Amino acid sequence: MSLMKFLLCASAMALTAGAALAEPAIIYDLGGKFDKSFNEAAFNGAERWAKETGGSYKELEMQSEAQREQALRRLAESGANPVVMTGFAFGDVLNTVAPDFPDTKFAIIDMVVEQPNVKSVVFNEHEGSYLVGMMAALASKTGTVGFIGGMDIPLIRKFGCGYAQGVKAVNPDATVILNMTGTTPAAWNDPVKGAELAKAQKSQGADVIYAAAGGTGIGVLQTAADEGILSIGVDSNQNYMHPGKVLTSMLKRVDNSVYEAFKEGDALTTGINVMGLANDGVGYAMDDNNAALVTPEMQAAVDAAAEKIKSGELAVHDYTSDNTCPAASF
Amino acid sequence: MDYATLLQILDSTLRLATPLLLACLAGLFSERAGIFDIGLEGKMLAAAMASGAVAASGMSIVLLIPLTSVEVVVISPVMFGLIAGILASLLFALIHAVASITFRGNQLISGVALNFLASGITVLVAQRLFGQGGRTPPISGDARFNPITLPFAESLRDVPVLGPLYYEVISGHSALVYVALLAVPASWWVLYRTRFGLRLRAVGENPAAVDTAGISVTGLRYAAVALTGILCGLAGAYMATALQAGFGREMTAGRGYIALAALIFAKWRPVAALWACLLFGFFQALALRPDVVERVAGLKVPVPFLDALPYALTVIVLAGFIGRAIPPRAGGEAYVKER
């Protein structure tokens with residue numbers, strides 16, 4: 001009996017100890033932690049939190065589609081709180097896992113999951129893409145610009161649609177070539193195909209190409225630099241990858257969201273959190289690497305549009321709202 | 001579709017077909033000797049990582065070869081990378097050979113295991129070396145295979161029809177593309193015109209007969225698997241140092257499997273392998289230009305349909321609609337000497 005009591009006592013202590021030390025956790029999606037883009041932005045946010053608070057966090061990199069539920073459950077069971085995950089693909093899984101861990105808070109980026117203990121962070125990528133689309137049209141000499149998406153999903157079409165609208169806003173006669181790399185998650189990691197798509201778009205006259213394709217985008221940026229045309233990076237600031245050859249990058253401040261979620265800890269506010277231009281969730285990148293490519297006039301035009309979007313005067317159509325796009329057809 | 005667009009697509013076809021062709025010929029040697037190799041993908045990946053990493057290190061080697069006078073041979077970073085890629089691929093081939101020839105393990109399981117091993121270890125090593133997330137740093141200049149303009153390409157450019165074809169499609173690729181194309185007649189010659197080739201084919205059909213003739217089955221199979229390793233090494237190095245400027249995680253993206261499909265489609269023959277790979281490369285190039293397909297076909301063809309065509313065609317060939325695809329008879333079986 002006393003042994004039993006001891007065990008109970010010990011386990012209770014272990015539980016409280018676990019609760020007191022609840023570490024946040026992050027799961028990176030299949031693109032991988034160092035994709036120089038989306039997941040890397042999440043990693044940077046987590047690192048910033050760790051550096052500022054001196055805390056530690058758990059992390060897990062997905063290796064295959066089959067691991068999702070298991071990975072999520074394991075982190076939740078380990079007492080991590082909150083559990084942050086990057087990527088739309090976690091949506092369904094989180095919807096089934098979240099109710100099983102009512103005391104754990106979850107945050108999902110890029111997807112809305114309506115559970116009481118989930119914070120859904122979505123970005124207005126169409127607004128940021130609109131701005132870089134304007135920039136592309138202003139920089140293009142041929143009047144033809146390209147877009148290369150990763151996996152063909154509504155989220156990526158949202159990027160493409162916002163981009164096309166931005167291009168047409170500057171030059172209604174411009175041609176926007178839209179290509180998707182593939183329909184499976186392998187499309188996020190196929191730089192060779194990205195490179196061939198970039199070459200194919202160049203042969204059709206494109207002289208600025210926007211890549212929203214994770215690791216595939218590295219091949220697009222590389223080829224654009226090799227072929228002497230401009231490219232636009234995505235998610236993180238990718239201007240540095242080929243200085244003077246990347247026009248700008250569409251910033252999606254995933255790092256800020258992860259940082260905020262970690263900072264709030266287990267007091268995470270749940271519900272839907274929309275990050276747009278107005279609250280600095282998206283934007284475009286300017287630094288020394290692209291300063292020579294962007295003229296003050298271009299920047300002024302883009303900034304003026306940004307102000308209009310912030311004030312609500314200009315509405316950029318969101319592809320995911322009705323699965324149609326006024327400026328492009330997929 | 002205008003001529004310029006066609007040339008652009010054919011140009012793209014040749015680039016995309018090259019890794020398939022090298023991997024397909026690699027599989028050909030192995031399977032003709034009776035060793036199934038599902039690990040082409042893994043070997044390509046390992047080679048891509050090794051060549052990308054070594055080329056990125058920018059090391060070049062100066063060899064002093066003392067012959068009659070001292071010869072100075074400089075190996076540039078890209079060639080050093082190529083050698084490293086071939087060695088990495090050979091290492092994987094050796095593991096496969098030891099597991100499936102010496103220890104008579106299941107060839108498919110060994111191949112799959114090596115694919116998983118390559119998928120993980122390439123990222124691990126690259127991350128350890130460069131700390132850039134399993135990517136090798138971008139390479140340029142003499143660390144990369146640069147396009148070669150073939151002789152007379154510029155001057156013949158104005159010849160109608162054939163001039164642009166020569167200039168746009170045939171000229172202007174990296175050296176490894178021409179190596180791959182030359183590997184086709186070379187493979188044919190080795191397989192069908194040399195004693196080694198005859199024995200290699202025999203060992204895949206009836207190893208007992210080869211053994212009875214007093215020739216080492218094990219030795220022949222090891223040699224075949226080594227050739228597979230070399231060719232996969234070329235394919236991987238081509239992807240990392242010619243098509244791309246460095247290695248990225250899982251960058252082969254299933255090309256090893258498409259090469260296997262091409263091998264079946266070509267019915268295990270080298271010249272047919274060339275056509276199969278060009279056809280599959282052509283489908284891949286077409287998938288890049290949905291607008292052209294739409295204009296020519298008159299209806300919107302879904303891109304995934306084009307991506308799936310190589311596999312669909314392979315199934316049709318396997319089902320016996322276009323001739324019959326008969327694999328080497330002793331394929332997949334370890335040879336056990338009768339006692």
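Which residue of β4(A) does A:V84 stand opposite? The legends below describe close-ups of a predicted model, and the first of them gives the answer.

**View 1. Pairing of β3 and β4 in chain A.** Strand β3 of chain A covers residues 83–86, and strand β4 of chain A covers residues 106–109. The two run parallel and are joined by four bridges. In β4(A), the residue opposite A:V84 is A:A107.

**View 2. The open six-stranded sheet of chain A.** The strand order is β2-β1-β3-β4-β5-β11 (chain A), and the pairing is parallel. At the edges of the sheet are β2 (58–61) and β11 (271–275) of chain A. Each of these has a single partner strand, so one side of each is left without a neighbour in the sheet. From one strand to the next, the twist averages 15°.

**View 3. Helix α2 on the sheet of chain A.** Helix α2 of chain A, residues 38–53, lies across β1 (25–28) and β3 of chain A. The helix runs at about 165° to β1(A).

**View 4. The contact between chain A and chain B.** Chain A contributes 23 residues to the contact and chain B contributes 24 residues. On the side of chain A that touches chain B, at least two residues come from each of β7 (175–182), α7 (191–203) and α8 (216–227) of chain A. The element that gives the most to this side is α7(A), with nine residues. By residue class, the side of chain A that touches chain B has nine nonpolar, nine polar and five charged residues.

Conventions: Residues are numbered from 1 along each chain as its sequence is written. Chains are lettered from A and ligands numbered from 1 in the order in which they are written. This is a predicted model: local features need pLDDT of at least 70, side-chain atom pairs count only at pLDDT 80 or more; totals for chains, interfaces and linings use all residues. Two strands pair if DSSP finds at least two bridges between them. Axes are lines fitted to C-alpha atoms, for helices over the stretch in contact, and angles run from 0 to 180 degrees between N-to-C directions. Two residues are in contact if their C-beta atoms, placed from the backbone, lie within 7 Å. Ala, Val, Leu, Ile, Met, Phe, Trp, Tyr, Cys and Pro count as nonpolar, Asp, Glu, Lys and Arg as charged, and the others, Gly among them, as polar.
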